[in-house]
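The tour below goes through the salt bridges, one selection at a time.

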Amino acid sequence: MGCGLHVRPHTNADYCSVLRSELIAIDMALDFVLEHQLFGEIWILSDSRSVVQHFDNWRDGDRKDQTALARLSSGHLKPLRFSRGDKQFNICTKCNMIEATPQHLLDCLALVYDDLLKRPYLLLEMMKEYDLMDLI
């Protein structure tokens, strides 16, 4: 005997990747399970290898990932330079338009600061997917 869970549809931006969409849907389902205390055996079914790898490794956040999260939350990114007392950042490699400040990196991925605190592994996956880790 089993029980199913249906998460209401969630619309993402047109430029949202399939991986991100799946991770958001799974995250919403897990939030629902925790909120309604539906504990027990949880099965996550996906045909995406990336999603499976993400959940297989989600507890193994290495030191590099932890450092990246700390740098992003503090604003002291690796390529940060000072010129005449002003902060200067590299240009964002995703949009190639403006400086890759911590806020811009979140905005460019349609994320918010709250994601850094509540969904750090999702944020890291997004940064890796768009090759932005060198900017952190």
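Is K118 buried or exposed? At 64% relative accessibility, K118 is exposed. Keep in mind throughout that this is a predicted model.

D114 is partly exposed, its relative accessible area being 36%.

Next, select D115 and R119. This pair also forms a salt bridge, and its closest N and O atoms are 3.9 Å apart. That falls inside the cut-off, because a salt bridge is counted when a side-chain nitrogen of Lys or Arg lies within 4 Å of a carboxyl oxygen of Asp or Glu. D115 is buried at 10% relative accessibility, while R119, at 25%, is partly exposed.

Now move to D65 and K128. Their closest N and O atoms are 3.1 Å apart, in a salt bridge. Colour helix α3 (residues 63-74) and helix α6 (residues 120-129): D65 lies in the former and K128 in the latter, so the pair ties together parts that are 63 residues apart in sequence. D65 is buried, with a relative accessible area of 10%. K128 is partly exposed at 36% relative accessibility.

To finish, show the pairs together. How many salt bridges does a search of the whole structure find? The search finds three.

Technical notes: Residues numbered from 1 in each chain as written. Predicted model: local features only at pLDDT ≥ 70, side-chain atom pairs only at ≥ 80, totals over all residues. Heavy atoms only, no water. Helix = DSSP H or I, 4+ residues; strand = E, 2+ residues; numbered from the N terminus. Buried < 20%, exposed > 50% of the residue type's maximum accessible area, 1.4 Å probe, protein only.
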